[in-house]
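Dear colleague,

I am passing on the structure below, together with some notes on what was found in it. Please read the notes beside the coordinates.

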Amino acid sequence: MIVSNIETVPGKTIIEFYGVVTGSTVRAKHIGRDFMAGLKNLVGGELKGYTELLHEARTEALARMAKEAQSMGANAVVNVRFSTSSVAQGAAELFAYGTAVKVE
Amino acid sequence: MPELIQLGIQYGGFLLLLVVTYFIGSMIERRHFRKLRLREEASTHFPCVTFRSVPSDWQVTEANLVTGSVVVSLDYFKRFLAGLRGIVGGRIRSYETLLDRARREAIMRMKDAAHTAGYSAIINVRLETSRLASTARNGEGTAGVEILAFGTAIKLAR
């Protein structure tokens, strides 16, 4: 599955459009991680636990999006956008969407 | 004198926390900036642009999405200062450097990811910022800020 955040896939031509595909996941923080991040919050700098958590979540959202595109028969997703929103205390939704296409 | 001691006990912990976090926080920040400069100098040969199109004479053989992200937060002392700044208004320098650091780090991570996967350039780079709410103080406190850098990595035919 080719994913790109521009309207086309460079070096390839789009032969068919399938429409919008989305992938999302809502994640809450692990209590241990939250505690460590709380400590790290005192001295500042990178909160590695959160970076990893969000990275995993975003990878998952992208994978779900790719799966939806695959089920339509597409081999690429173009113009991918991300959005993150805090839906509840200590939980975040990571959302990825794009247009499923067939390229060659 | 006893009043002074009592005052010391009452606010001593708070002051100690301010002083300790100030020193550790500044140390972490300086070290991070130093590392960032070195890594950025080492990666200047790797094109990373915000436009969408590829120059017509480039032969693209492969393309895929690459991302780089980082979650950062301020130290206790600087958050305290920023709180004070909120009263009089104006520039909050500590947040400016924090976001600058985070953006550069996210871009470097994206570049590293593209480089290790064998890509030769990144086009249409976009940056996104989002605030993470903390569970402390009924979700009012800021746990950190996430910066996401993403773009389309391309491989060129030589």
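Two strands are taken to pair if DSSP finds at least two bridges between them, strands being DSSP runs of E of at least two residues and helices runs of H or I of at least four, both numbered from the N terminus. This is a predicted model, in which local features need pLDDT of at least 70 and side-chain atom pairs count only at pLDDT 80 or more, while totals for chains, interfaces and linings use all residues. Residues are numbered from 1 along each chain as its sequence is written, chains are lettered from A and ligands numbered from 1 in the order in which they are written, and side-chain values use heavy atoms, with hydrogens and water left out.

Strand 3 of chain A pairs with strand 1 (residues 60–73) of chain B in the antiparallel sense, over two bridges, and the partner of A:Glu46 in that strand of chain B is B:Val72.

The contact (heavy atoms within 4.5 Å) takes 35 residues from chain A and 45 residues from chain B. The two chains bury about 3,000 Å² between them, 53% of it on carbon and sulfur atoms, where buried area is the accessible area (1.4 Å probe) lost on putting the two parts together, summed over both.

Three salt bridges cross the interface of chain A and chain B, each being a side-chain nitrogen of Lys or Arg within 4 Å of a carboxyl oxygen of Asp or Glu; one of them joins the side chains of A:Arg58 and B:Glu146 at 3.0 Å, N to O.

Best regards
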